[in-house]
Amino acid sequence: MAQNGTRTGKGKQPVLVVLQLSGGNDFMNTVVPYGDPLYYDFRKTVGVSEDEALHIDSRIGFHPAMAEIKSLYDEGNVAVIQGIGYPAPDRSHFRSMDIWHTAQPGEFSSEGWLGRVIRELDPNKQNVVTGVSFGAGLPRAMYLTGTPAISVTELESYGLLTSLSGTSQRRALSAFTRMYTPEEFDEGAMVMQHIGQIGMDAMAGVDMLKAAPANYSSTIEYASDPLAQSLRGIAQIHLAGLGTRVFYAQHGGYDVHGGQVQIQAKLWGEVSRAVDDFFADLRQHDAAEEVVMMVFSEFGRRVRDNGNGTDHGSGGGAFLIGDRVNGGLYGEYPSLEPTEQVSGDLRFNNDFRSMYSTVLDDWFNIQPDPIVNGHFEKFDGILAPLNS
Amino acid sequence: MVDEDRRLIAHLLRRAGFGAGPSAIDAAAAVGYRATVDDLLDTERHERPHEDLLERFHSEHCDEESPRWVALKWVYRMINSDRPLEEKTALMWHGVFATGWAKVTNGQMMAEQYEMLRDFGLGDYRVLLKKLSRNPAMIYWLDQQMNHADAVNENYGRELLELFSMGRGNYTEEDVRSCARAFSGWTMTHVLPRYPTGYWPAEFVYRGDDHDDGEKSFLGETGNFNGDDVIDIIVRQPATGRFVAREIYQFFVADEIDDDAVEQIADSYFASGYEMREILRFVFNSDFFKAALFKRVKSPIEFIVGTVRLTGQHRNAHQFGLDRLAKLSGMMGQELLNPPTVEGWHTGREWIDSAFLVERLNFATEKLSDADAPGIIEIARRISDGRSSITRDGLLDLCTGEFVHLDLDVATRRVIADELSSPEIIQCGGDELVAALTEILALIGTSKEYQLA
């Protein structure tokens, strides 16, 4: 095993992009079991018809807004992980998202699983942009005290003390560096320690990230929605070769208790196009094979619709996308038989920590067990390691 | 000791309001701490700010479809209201009953909810929950209009228990179901399409024929409960007292929970009959509050409004840029009227991450280095009053002690003193003082300590 999970080979290092769908994506309408008559019994008002579904096989198909993802699937670059979840499902957005972020269903924790990954990949904190998140705030998944991770809202305007200029900016930046340099550890000043650490990270990160958009050119025209812009920013940073290994992006609005038909079509249309543009952009620059994208949501939704939408459920699905992904269906589609449901929800048959473990071991080449807090069976052959 | 009094009063005005300039602290110090607490709580004594000119000078933002207009007005009120506690408490409840425009998509409905929190946030918590359960923005946000007698939608029932009153672990799934059933038939009028009528807010409607009137078992009691009955039961629970106490403690006192203080606040919750005014009177006069200086990380909007109140800007309706202040709060992680989830914002040290800190520092240094800011000119005038010159060190101490009110770490103070370019003796009454002052203030705004309230 190479040190710290890095591979040397051709010089390319594996990169993970995590895309979080916030609000609880309805897996049953994302990968639609149109061949099962029970589906239409339960989804009388928000069901996707057999004609609309983009057929994967004679039983299931993608939501009609996912045309680009369907094409990526047909090219063999999308793995659908069916029936993903965890024991004793929690139907609170907050708690369930925490469980996915911390990989600790049994207890409350503020340590993110990707924070632990970043610590493994860069134990000596040599690169403050090893982890970069796009969107409003650092997700708990990337949060680990003492481990730097950058959060960017908008790449083009990123900078520090930009309201000052000339000598006064230089003096203020010098003062800033001195004020935020960590002092001796003081138990009573944890907050100050935290602010100091974040300040130093921000300063270093700013210097590196500022350069990325300037050196970027592409023929891909991303859409203007925030997700597309986040993925464009991720492409810019990846192509700048700054050594970022873990990226995070978020897309919200999946809590479709009502108005599901319209909302889901809009959201998946945005995801499908943005993901396709992102990989096309990377391929154009010969920088796609080292990138795997993981798409997840905190839970699925109830099997039976509520007349206009679906309520919080459990047992959803996830996706791994990329050139090095062996596309196809993984796991079993959970049965819709009432006797097989768990209080009105899909019964999960794959623990999300199995997916995490697969990515950790087969992609990053780092020991999964300490990161996911236990031993979970991997999915065999889902990822072809880089340079193999 | 006079300095200690001013220090405590500045602390009170930061927590019960959005901070205060030197003359407001003078006025409060003259009547004393306890009388200032009473004055802050006795909101009726003061008028709300006049806003006639706002629409005229910010007409480009008067789009009632958008939450930006509501956010702009709210920011204006935070900066200018003579009832700061009213706005501050509304902000606390907004974080608890977190409702997002992203789903509601009707600025008027969002405005109504915020104004309801402002009107009732300092009163009886039981009344507040009853108002909340009838609030159209909340009804729509948590799909309560789809909660029918024969098709229960659990969303509101669950979040009322989990996030608005008791907290997880204090009720069963059956209680959630019963709570949702009790609110069946609590709905709203249809929101009219935008054309041709334009945007209109919806109104609460109770439909008895869509209410599940059957027997329900809820938190150990049994009856044909309706929504109001459920709220009457909820507010009596010890868990609810602790929940409200924790929210108050973390919003007004300190980020790190102190169980003993929370217990005392919960006692006050029950002793006062759920009256927020009385609970807050107890909190502000308590020893634990007076010992909690700089124990909170400022939230983005507190950071922005506090800075602007110090620089004396936006004290009238015709200064542009109110919209930008609201937008910046979003860039720092707190978009007013659009929290990320029903769970609200993650507060305390989670306000500080790399992107947000960059925004905060850029904003603070921009405002505090503005030599034309009325608040900075006022500070210069006060310093020049009775002085012809001042030492650079003396000016730094005056800034942190009298004007910004910070506990600067010794090391931080040394760095700031080192980096100053102004002469060691500064002439008062002119540009030299203003230049030295803005240089000091900008460096203070860059410090770690400035992130705390």
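Predicted model: local features only at pLDDT ≥ 70, side-chain atom pairs only at ≥ 80, totals over all residues.

Modeller: Strand S4 of chain A covers residues 61-62, and two bridges join it to S2(A), the two strands running antiparallel. Strands of a sheet pair through backbone hydrogen bonds, either parallel or antiparallel. Stepping back, S2(A) belongs to an open sheet of three strands in chain A, ordered S2-S4-S3 with antiparallel pairing. Strand S2 (31-32) and strand S3 (54-55) of chain A are at the edges with a single partner strand each, so each has one side without a neighbour in the sheet.

From the strands, let us turn to the helices of chain A. Helix H5 spans residues 166-180 and contains A:Gln169. This residue counts as partly exposed because it has 17 C-beta neighbours inside 10 Å. Leaving aside residues up to four places away in sequence, A:Gln169 touches A:Leu161 and A:Leu164.

Helix H6 (residues 190-209) of chain A packs against helix H20 (residues 354-368) of chain B at about 90°, their axes 9 Å apart. At that angle, H6(A) is roughly perpendicular to H20(B). By class, five nonpolar, three polar and one charged residues make up this contact. On the H6(A) side you will find A:Ile198 and A:Asp201, among others, while H20(B) brings B:Ser354, B:Leu357 and B:Val358.

Conventions:
Residues numbered from 1 in each chain as written. Chains lettered and ligands numbered in written order. Helix = DSSP H or I, 4+ residues; strand = E, 2+ residues; numbered from the N terminus. Buried ≥ 20, exposed ≤ 12 C-beta atoms within 10 Å, placed from the backbone. Contact = placed C-beta atoms within 7 Å. Axes fitted to C-alpha atoms, helices over the stretch in contact; angles between N-to-C directions. Parallel < 35°, antiparallel > 145°, perpendicular 65-115°, else oblique. Nonpolar A, V, L, I, M, F, W, Y, C, P; charged D, E, K, R; others polar. Pairing = 2+ DSSP bridges.
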